[in-house]
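I opened this notebook to keep track of what I looked up, entry by entry. The sequence and the model come first, and my notes follow.

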Amino acid sequence: MKLSDIKSSEAELQDYYAQLRSQHITPAWIGGGITREPKSKAVPWVWRWRDLRPQAMRAAQLVGTEQAERRVLRLTNPELPGLSASNTMVANIQIVMPGEIARAHRHSGSALRLIIEGKGGYTVVNGVRLPMAPGDLVLTPNWTWHDHANDTDGPMIWLDGLDTPLVRMLEAGFYEEYYKETQTIVEGASSSFARYGEGGLRPAWEAAPATRYSPLWHYPMSQARAALERLAADRSGSPFDSIILEYTNPVTGGSAMPTIACFIQMLRAGERTQAHRSVCCTNYHVIEGCGYSIVGGTRIDWEDKDVFTVPTWTFREHVNDSDRPAFLFSFTDAPVMKALDLYREETKAG
Ligand SMILES: [Fe+2]
């Protein structure tokens, strides 16, 4: 047995390929398609709050929530024009003005909201009213009814993260409008948090939810900040991410949603982390603080409320060169990679 040494003329091959093309068949040996390692089309990029906020306010002047079911500015990666911030996940800026609602609907894509500006508006998820304050994480998982409302006297602005590019690629998207504009609120304001917000404690009289997403839909910043500061006081944390916490499903300990994992990390003043990379794309939002990250060899300076993206398998290290702590929120598609046995990590030293 040996490799065969059949050779044909270029003309003969081209004639054969043309025939195949006409029959919608491709010879795989000329098509490529396999890479030695992941190579994202997306590039590292940062969207500045100083650009985002005025454009969100402008959108609020130009477009109503009756016309735009969601008044959303989608951050689009320069190499994924018009599509999304990263390969499998979008990062959007949404604005709801005082007195406005964004009507109730549901979809098979899962979403998260990280509140940037405004305190007192709310999101209703499956009839449960969730408060929204700066730095809070609110989940509207797969196929949950959700609507938003702003009953304050200032704009509510938040970061939306969704897995819609993945759902679209899988051709698994469903969408449905609620039968009326807003849901009737059926439980108290803190019910999701009251039941599951204590982490290690959950109601023993309730059966574990059948859903794979977290039954906790509101993770307050006050709780996350206190936990980070507690750990930062006497622990070194991860060499790559310093003090980093995952927002977990309190029932399973797993990721907040099956397609998206969410994290918050604290970089202490003057701290620099080591470089690593992983098979997942990551979108970051600077809750507060300033510093920079080296992403694939490119320095990305960031400050309060900026958003930046790190494509898959791209080395990143973070530097807080300021004299105050920095808090970064991030979300990744790592749960998808892990579920499919595709997840890997590597440190720069190899
Ligand atoms: Fe939605």
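**Entry 1: the open sheet**

I began with a sheet and found 6 strands forming an open, antiparallel arrangement in the order 1-19-16-21-14-13, where strands are DSSP runs of E of at least two residues, numbered from the N terminus, and two of them pair if DSSP finds at least two bridges between them. At the edges I noted strand 1 (45-47) and strand 13 (243-247), each pairing on one side only. I kept in mind that this is a predicted model, in which local features need pLDDT of at least 70, side-chain atom pairs count only at pLDDT 80 or more, and totals for chains, interfaces and linings use all residues. Residues are numbered from 1 along each chain as its sequence is written, and side-chain values use heavy atoms, with hydrogens and water left out.

**Entry 2**

I then followed strand 14 (residues 261-267), which pairs with strand 21 (residues 326-332) in the antiparallel sense over 7 bridges; here F263 stands opposite S330 in strand 21.

**Entry 3: the iron ion**

Which residues are the protein donors of the iron ion? I found H105, H107 and H146, each through NE2, at 2.1 to 2.2 Å, donors being N, O and S atoms within 2.8 Å of the metal (3.2 Å for Na, K and Ca), and since water is not among the atoms, sites may look incomplete. H107 lies in strand 4 (residues 101-107) and H146 in strand 9 (residues 146-149), so this pair ties together parts that are 39 residues apart in sequence. I also looked up burial (under 20% relative accessible area is buried, over 50% exposed, partly exposed in between, with a 1.4 Å probe and protein chains only): H107 is buried at 12%, and H146 is buried at 1%.

Terms used: Helices (H or I, at least four residues) and strands (E, at least two) are DSSP runs, numbered from the N terminus.
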